[in-house]
Amino acid sequence: MDRTHHHGSVRNKKGVNAYPEVYIDKDADFASIKVAPGIESRSYVKDGVVVCEDRNGRIIEIQLLNLKALLSPGKRLAA
């Protein structure tokens with residue numbers, strides 16, 4: 001039996017947000033975390049992390065370039 005309400009069937013509803021999308025490539029020592037939809041307009045590097053923004057300045061993706069160094073014990077990222 002399918003539940004329904006005034007917006008339609010509950011079973012037919014899709015997830016509102018499919019983010020974050022995470023991609024990890026251990027061979028290349030790289031990870032990417034897509035946190036929002038959008039087209040990259042600007043990016044910058046800070047402490048081995050690439051931050052990608054859309055044209056409105058919202059962060060849409062974070063890329064980790066050297067996972068082993070970033071995740072080593074005792075390593076702290078600058079605030």
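User: In this predicted model, how many bridges join strand β3 to strand β4?
Analyst: In the predicted model, strand β3 covers residues 21-25 and strand β4 covers residues 30-34, and the two run antiparallel. Within this pairing, Y23 has S32 of β4 as its bridge partner. The number of bridges that join β3 to β4 is five.

User: Which residue takes a positive phi in the hairpin of β3 and β4?
Analyst: The hairpin of β3 and β4 has four residues between the strands. A positive phi near 55° is found there, and the residue that takes this value is D29.

User: Which residue of β7 is the bridge partner of A31?
Analyst: Besides its pairing with β3, strand β4 pairs in the antiparallel sense with strand β7, residues 59-64, over four bridges. For A31, the bridge partner in β7 is L64.

User: Which residue of β6 is the bridge partner of R42?
Analyst: Strands β5 and β6 pair in the antiparallel sense over five bridges. Their hairpin has two residues between the strands, and D47 takes a positive phi near 55° in it. In β6, the bridge partner of R42 is E53.

User: How many residues apart in sequence are the parts that the pair of E53 and R42 ties together?
Analyst: Side chains of opposite charge can pair when their charged atoms come close. The side chains of E53 and R42 meet in a salt bridge, with 3.1 Å from N to O. Because E53 lies in strand β6 (residues 49-53) and R42 in strand β5 (residues 42-46), the pair ties together parts whose separation in sequence is 11 residues.

User: Is E53 buried or exposed?
Analyst: The salt bridge partner of E53 is R42, and R42 counts as partly exposed at 45% relative accessibility. For E53 the relative accessibility is 9%, and since buried means under 20%, E53 counts as buried.

User: How many residues of β6 are buried?
Analyst: V49, V51 and E53 point one way from β6, whereas V50 and C52 point the other way, and all are buried. Strand β6 is therefore mostly covered, and the count of buried residues is five of its five.

User: Which side chain meets that of R58 in a salt bridge?
Analyst: The structure holds two salt bridges, one of which joins E53 and R42. R58 takes part in a salt bridge of 3.1 Å, N to O, and its partner there counts as buried at 10% relative accessibility. That partner is D54.

User: What accessible area do V35, Y44 and I59 have together?
Analyst: Y44 lies in strand β5 and is partly exposed, with a relative accessible area of 31%. With V35 and I59, Y44 forms a nonpolar patch on the surface, and the accessible area of the three together is about 220 Å².

User: How far apart in space are Y19 and A36, C-alpha to C-alpha?
Analyst: Y19 lies in the loop between β2 and β3 and counts as partly exposed at 25% relative accessibility. Not counting residues up to four places away in sequence, Y19 touches K34, V35, A36 and P37. Y19 and A36 are 17 residues apart in sequence, and their C-alpha to C-alpha separation in space is 6.2 Å.

Key
Residues numbered from 1 in each chain as written. Predicted model: local features only at pLDDT ≥ 70, side-chain atom pairs only at ≥ 80, totals over all residues. Heavy atoms only, no water. Pairing = 2+ DSSP bridges. Salt bridge = Lys/Arg side-chain N within 4 Å of Asp/Glu carboxyl O. Buried < 20%, exposed > 50% of the residue type's maximum accessible area, 1.4 Å probe, protein only. Patch = residues over 30% accessible without salt bridge, like charges linked within 9 Å, V, L, I, M, F, W, Y side chains within 5 Å. Areas by Shrake-Rupley, 256 points an atom, 1.4 Å probe, with all protein chains shown as cover. Contact = heavy atoms within 4.5 Å.
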